[in-house]
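Hello,

Here is the structure I promised to pass on. Please open it first, then read my notes below.

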Amino acid sequence: MGKSATTRDVHALFHSLRSAYAATANHLKIIDLYIFFAIATALIQVAYMAIVGSFPFNSFLSGVLSCVGTAVLAVSLRIQVNKDNKEFKDLPPERAFADFVLCNLVLHLVIMNFLG
Amino acid sequence: MAAQETSQSAIFRHAFGNVLSFTVLLLIGVMAFSIRLFSVIKYESVIHEFDPYFNYRVTQFLTKSGVYDFWNWFDDRTWYPLGRVIGGTVYPGLTLTAGTLWRILNSINIPLSVETVCVFTAPVFSAFASWATYLLTKEIKGAGAGLTAAALLAMVPSYISRSVAGSYDNEAVAIFALIFTFYLYIKTLNTGSLFYATLNAIAYFYMVCSWGGYTFIINLIPMHVLLCIVTGRYSPRLYIAYAPLVVLGTLLAALVPVVGFNAVMTSEHFASFLVFIIIHVVALVYYIKGILTPQMFKVAVTLVVSVGMVLCFAVLAVLIALVASSPTKGWSGRSLSLLDPTYASKYIPIIASVSEHQPPTWPSYFMDINVLAFLVPAGIIACFLPLSDASSFAVLYIVTSVYFSGVMVRLMLVLAPAACIMSGIALSEAFDVFTRSIKFHLVGTTQNPQENAGDATKVTQNDVKSEKSEDTVKERSSRKSKKKDKENIEKPSLVSRVEKRLLVLPLETSVMAVFLVVLLGAFYVVHCVWAAAEAYSAPSIVLTSRSHDGLHVFDDFREAYAWLSHNTEVDDKVASWWDYGYQTTAMANRTVIVDNNTWNNTHIATVGTALSSPEKAAWDIFNSLDVKYVLVVFGGLVGYPSDDINKFLWMVRIGGGVFPHIKEPDYLRDGQYRIDSQATPTMLNCLMYKLSYYRFVETDGRGYDKVRNTEIGKKHFKLNHFEEVFTTHHWMVRIYKLKSPRNRIRGKTKRSKSKSGTSKRSTRKKNPWQ
């Protein structure tokens, strides 16, 4: 009895999540896809490390952290570009994107140096 | 028309305020630079103390050989025979900064020597640090508080003590990097701009390059983020301020060779990763809350809590098992001694023996931050009215730095900027109230509504009471008028109007209070200048003393190092206690056995054992290390208290920590450390005693030691295995040479003696050196 109520609630929850997410703007969904791709790459790298070993540890670190870093920066971009955020309504999206590119540049410069 | 006029006058006042604050900042920079020049004026432009000499030597190498050789430098003239990988064990920020400065100056044809650049790096960067304090406090409270805090930091004795001209040490640039990183963090938090987040990460990288104290930043910022989350102040700006910093910061920290993989593997960094995970969870929760209806959100919460808890516990268990498997739970010795102040004295005597690592006494707080000590509580109260993210950060900063300064006197330096910020805020708020009261009374009631509409709400009664002792600087009178104008313009935007209480004091009270505040400022300035001139400007390589026949200068250290560099071979090894290692390599250019880096406890313990052993055993130890010369510092003739005999018990303790045949009670008579006739035979026979007091009785006939205030115990003795080669003018540094072993052992008596010696030795197997 309780079990079916829980499963019903879970179904309702997922349904409402899906419908709410479908309502988000397209450019935000693209950013979300990019974030998902970055996290997936990071997980693949961790799995590879678990299989093969972490010998050039700096390479492993720079690989994983570059994925995590781009994901974090993409999340920041999404926060700044999202029209629902009152705090960022007078920030032009071009400026947000320029900051995103600059930060990524610094991140990848460091990654290139650390990759070994 | 009227509106245009008022907007024009507003623009004028704004411009005037800007110019005035720029001039004030320039003057503050000049003052910060000049107050640190006392030692150059009183003595000469020379590098002080011990550690700066190592940094100077590294900078010399950098300027001669270039960055790539410096990065890969393996130094074989120290820690003989082990050597030291300089590239991988030094924090390169300071040397790279000074090297860059030297390179730039030389390229524009200002031919300053490397030594001059090194000596004056610290005052220049302290000027930068006061400007950074202005920026930081401006973000927290406003421009008036910023100027006050900058003026206070320029003069605070605690910072002067580590950044005086000639003190070429890591803290000279690290404090600037610390304040600048905090400024950029608060700026990112206030504006939510990713650009400042990038700058923040780069400034953090500079801080990691400069000082081991960067762990303070990487633990304080996560603590603040956690505090914001817990008090319900989570916002997207917090995420942008923190998350990129963690990723970029960890990568940049791992780039510095000294830190390397410690950036991800030691416990000092775990807090940042933990809070990184927490902030992502919180961000996700807020996002889901935003897109779901309330009852759906409740369902989500119950589901997640039940599943998430299980996962969380599993991960936590793995983490705890990992951390608990290491004996120090993943913390380094130095960090552990900060968290548990008794740790060092129990387990690592080397850390415990450094005088800078002792807890401070109460008077040292008044000496080092003077008046700020009782302005800080007023500042904390002012930070709560109103509480913003930035002011909560300031409160957290002051609280943690007060704790750490109580553990180690050296960390009073980290307390200084926090105290200056808090005091600047307190003074600025107090001055605000007074000047507003004066203006209110003088201008009359017609313009009241406009001014009072912008009033902040403060509990001035408490502030007034705590204003017995405040500071200010001479610029205060001009800043008053600027602040009045600025406050009228900025107040409505800056302050939230929670209440509209009218806070105005009577005219006479305000005038009197302003006068008292200025007087207090005068006291602070006088103290700071006195502290800079008398207490903190001693180069400690040159000593002076005044007597009835004028000024005596004791230049014995440099005399000894010059003798060494002119009268010994380039490859000769010099043994001394580790304090003098850096100076010996830098000034005498000879290979040393141990130096101030103290990374190898066993090596230091070997030298300590040698100095605590009788002559023959010591000769054996030194011979096994290829030592040619032994250097001791002796202050008994002139009354110099920091000599090796006073440090000797530490040598015994450190040596005894590794070689158990050295026992501290053997050197003490009834628990007392003495060198007179009541001293123990072990003490009177050890190498340190003999090398310090050899021929000492010839100076005044009775061998009266002016530091220990007693006649020495053994007055007439010969040295069999060492010969004295040089003693400086005031007997402060004594250099001995190891005598080469005899070619053949003569006579039966000698053989039987050595035979009985060997039979005795074979039973006592504990001493590994025989």
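**A threonine in chain B**

Leaving aside residues up to four places away in sequence, T78(B) touches G83(B), R84(B), T585(B), T591(B), V592(B) and D595(B). Here contact means heavy atoms within 4.5 Å. T78(B) sits in the loop between β1 (74–75) and β2 (84–85) of chain B. T78(B) is buried, at a relative accessible area of 1%. (Buried means under 20% relative accessible area, exposed over 50%, partly exposed in between, with a 1.4 Å probe and protein chains only.) The side chains of T78(B) and D595(B) are joined by a polar contact of 2.7 Å. (A polar contact is a pair of N or O atoms within 3.5 Å; within protein, one must be able to donate a hydrogen and the other to accept it, and residues adjacent in sequence count only if both atoms are side-chain atoms.)

**How to read the model**

This is a predicted model, where local features need pLDDT of at least 70 and side-chain atom pairs count only at pLDDT 80 or more, while totals for chains, interfaces and linings use all residues. Residues are numbered from 1 along each chain as its sequence is written, chains are lettered from A and ligands numbered from 1 in the order written, and side-chain values use heavy atoms, without hydrogens and water.

pLDDT is the predictor's confidence in each residue, from 0 to 100. Chain A has a mean pLDDT of 88, and 97% of its residues reach 70 or more.

**Chain B overall**

Chain B has 36 helices and eleven strands. (These are DSSP runs, numbered from the N terminus: helices are H or I with at least four residues, strands E with at least two.) Of its 770 residues, 54% count as buried.

**Where the chains meet**

In chain B, 33 residues are in contact with 37 residues of chain A. The area buried between the two chains is about 3,000 Å², and carbon and sulfur atoms give 83% of it. (Buried area is the accessible area, with a 1.4 Å probe, that two parts lose on being put together, summed over both.) On the chain B side, L194(B), L251(B) and F261(B) lose the most area to chain A, together 20% of what that side buries.

The rule finds one salt bridge across this interface. (A salt bridge is a side-chain nitrogen of Lys or Arg within 4 Å of a carboxyl oxygen of Asp or Glu.) R237(B) forms a salt bridge with E87(A), with the closest N and O atoms 3.4 Å apart. α13(B) gives the most to the side of chain B that touches chain A, with 13 residues.

Best wishes
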